[in-house]
Amino acid sequence: MVGRIATGEIDDLTTEDGKNAAAVALGRMGGKARAEGMTAKRRKEIAKKAAEKRWGSK
């Protein structure tokens, strides 16, 4: 596929800001899909760890 894009055989699908359209679409659904597959306890553990990293002492 990269070769086809490089030779102009097919067009690369990008958004207005130059990002890959497929990657943008996957990124939008990624966090929601990941959260749906986790238990509430696991989500809470991840949130606590993130808060400690962000707000913990340095």
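The legends below describe close-up views of a predicted model.

**View 1. Overall fold of the chain.** The chain contains three helices and zero strands. Their order along the sequence is α-α-α. Of the 58 residues in the chain, 3% are buried. The accessible surface amounts to about 5600 Å², and carbon and sulfur atoms account for 56% of that surface.

**View 2. Confidence along the chain.** The mean pLDDT of the chain is 81, and 90% of the residues reach at least 70. Among the helices, α1 (residues 2-7) has the lowest confidence, with a mean of 76. The highest confidence is found in α3, with a mean of 94.

**View 3. Helix α2 and its kink.** Helix α2 covers residues 21-36, a run of 16 residues. A kink of about 35 degrees is present in α2, with its centre on G30. At 1.5 Å a residue, α2 should span 22 Å.

View 4. Helix α3 runs over residues 40-55. With 16 residues at 1.5 Å a residue, α3 should span 22 Å.

**View 5. The salt bridge between R42 and E45.** One salt bridge is present in the structure. It joins the side chains of R42 and E45, with a distance of 3.4 Å from N to O. This distance meets the criterion because a salt bridge requires the nitrogen to be within 4 Å of the carboxyl oxygen. Both residues belong to helix α3, where they are three residues apart and thus separated by about one helical turn.

View 6. R42 has a relative accessible area of 42% and is partly exposed. E45 is likewise partly exposed, with a relative accessible area of 39%. These values fall in the partly exposed class because buried means under 20% and exposed means over 50%.

Terms used: Residues numbered from 1 in each chain as written. Predicted model: local features only at pLDDT ≥ 70, side-chain atom pairs only at ≥ 80, totals over all residues. Heavy atoms only, no water. Helix = DSSP H or I, 4+ residues; strand = E, 2+ residues; numbered from the N terminus. Buried < 20%, exposed > 50% of the residue type's maximum accessible area, 1.4 Å probe, protein only. Areas by Shrake-Rupley, 256 points an atom, 1.4 Å probe, with all protein chains shown as cover. Expected span 1.5 Å × (residues − 1). Bend = angle between axes of the 7 residues up to and from the residue. pLDDT = per-residue confidence, 0-100.
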